[in-house]
Amino acid sequence: MAARNETIFKWVLYLCAAFALFLLQGFLLQYLTIFGAMPFLYLVPVALLAMFEGPLSGSLYGLVLGVLFDLTIAGPIPCFYTLILPLAGLCAGLISQNLLPAGLLCSLVDTVAVFVMTDVFHCLVLALAGKAAWTAGALTALRETGATLPFVLLAYPLFRTVFRRCHRDDPHPVL
Amino acid sequence: MKNFLKQHGIWVLFAAAVIAVALALMSYFSNTSSPLANLAGAVTSPFRVAYTAVAGWFNDQQDHFRSYQDLEEKNAALEKQIAEMEDDVRQAKSDSDENARLRELLNLREKRKDFEFEPAFITERSASNWTSSLTLNRGTAHGVAVGDCVITEAGYLVGVVSDVGVNWCTVLTVLDTDTSMGAQVFRTDDIGVAQGDFTLMKEGKLKLSYLPEESNLLNGDLVLTSGQGGYYPSGLVIGSVDVVKQEDSGSAQYAVLTPKADLNDLSEVFVIKSFDIVN
């Protein structure tokens, strides 16, 4: 029972952390243009959680956020984010599990990976609809990722705090 | 002292009487004040001056404080008045803008009596870098439906409603890659399809494709909705021709359009809820 309560508590905290980033996006970043693109913090929680909690949790979290985004953000196809974010979470989780130790560098790499996957999917959807725009898409992806990366430095401590708070009793705590 | 008075008291009394009589006589015959009064006045005069000066200083301070308080109150009242006037000016500017919009809308209403409008305010702009959308504060509760056209007060097309809720709707602007509609060049009557293009979206432009081979478009040609198919009303201004280009395949030409509606500077728009289909 205690373990279940802790799990619920952990996920509530992660959702609260994501919600804080969404508020930042909605109230401030929505009106900012950096490098010709708007910072897009919505994808960052997926990358950070997958890095801390692993590929499976990252996928599940990506699925939940994907459904949420599809309900609230206009996408090129229905279920766009529901399809891509679990995969992006899985990829980010695998990177932190096999390639880089969880940390700031890994969070930046994971964020780039999530953006690359999502934006390639954007371009693919456009191409499948007969409106291929690979060059413009790549440029937008580059600008969007560049505009968002500085804010990862802000989001990373938030998720690390949640992770540390929820994994105090682990025998081998990461970070 | 007692002895002195016993020995010389009579002389003292006499001298006092003489002085008194002398003073009385001088007072009687003099035009000025009595010498005693004069003397007393002369002695107390510096004190009077000092007293007056001090009292004057206190009065000045009091007056200064009082006038400072009055000034502060007046200043506060004036500041409040200025704020109210500035508020009135802002309100007047807003009313004036709204008035201008409504006048233009009235002109459009007179021209297009078949349109049924629903005014709406923009509550959010594009939430991602990959779409060009607006969220409005009107939904099914106000009769808005998917596919409704959204225009400015001047009749310039803004976009089409793509998603609708009870009190909100999402509009894909004419720049979005999912927007596509029949279009007609006003000068030549050439028919084409106006559609969003991702490459052009970032430049704030859209594409007019499927133009007839013999079409001869000029820079600045006005492009309107054709109304063909009955999905959208005819005659809404989409934009003007910016440049005519050849498709990559070289088989056809397309025009790059600049939308007439200033999509970055919109606050209020009008949803066309119903219109007459013109064949």
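This is a predicted model: local features need pLDDT of at least 70, side-chain atom pairs count only at pLDDT 80 or more; totals for chains, interfaces and linings use all residues.
Where does A:Asp70 sit? A:Asp70 is placed in helix 3 of chain A, which covers residues 55-72. Now its surroundings. Leaving out residues up to four places away in sequence, A:Asp70 touches A:Gly75, A:Pro78, A:Cys79, A:Phe80, A:Tyr81 and A:Thr82. Then take A:Leu83. From A:Asp70 to A:Leu83 is 13 residues in sequence. In space, their C-alpha atoms are 9.8 Å apart.

Next, the interface. Chain A puts 15 residues in contact with 16 residues of chain B. On the chain A side, two or more residues come from each of helix 5 (104-128) and helix 6 (134-166). Helix 6 of chain A gives the largest share, 4 residues. What is the class make-up of the side of chain A that touches chain B? That side has 9 nonpolar, 4 polar and 2 charged residues.

Last, over to chain B and strand 12, residues 268-274. Strand 12 of chain B pairs with strand 1 of chain B, residues 116-125. The sense is antiparallel, over 6 bridges. Within that region, B:Ala120 has B:Val269 of strand 12 as its bridge partner. Strand 12 of chain B also pairs with strand 3 of chain B, residues 149-151. Again the sense is antiparallel, here over 3 bridges. There, B:Cys149 stands opposite B:Ile272 of strand 12.

Terms used: Residues are numbered from 1 along each chain as its sequence is written. Chains are lettered from A and ligands numbered from 1 in the order in which they are written. Two strands pair if DSSP finds at least two bridges between them. Two residues are in contact if their C-beta atoms, placed from the backbone, lie within 7 Å. Ala, Val, Leu, Ile, Met, Phe, Trp, Tyr, Cys and Pro count as nonpolar, Asp, Glu, Lys and Arg as charged, and the others, Gly among them, as polar.
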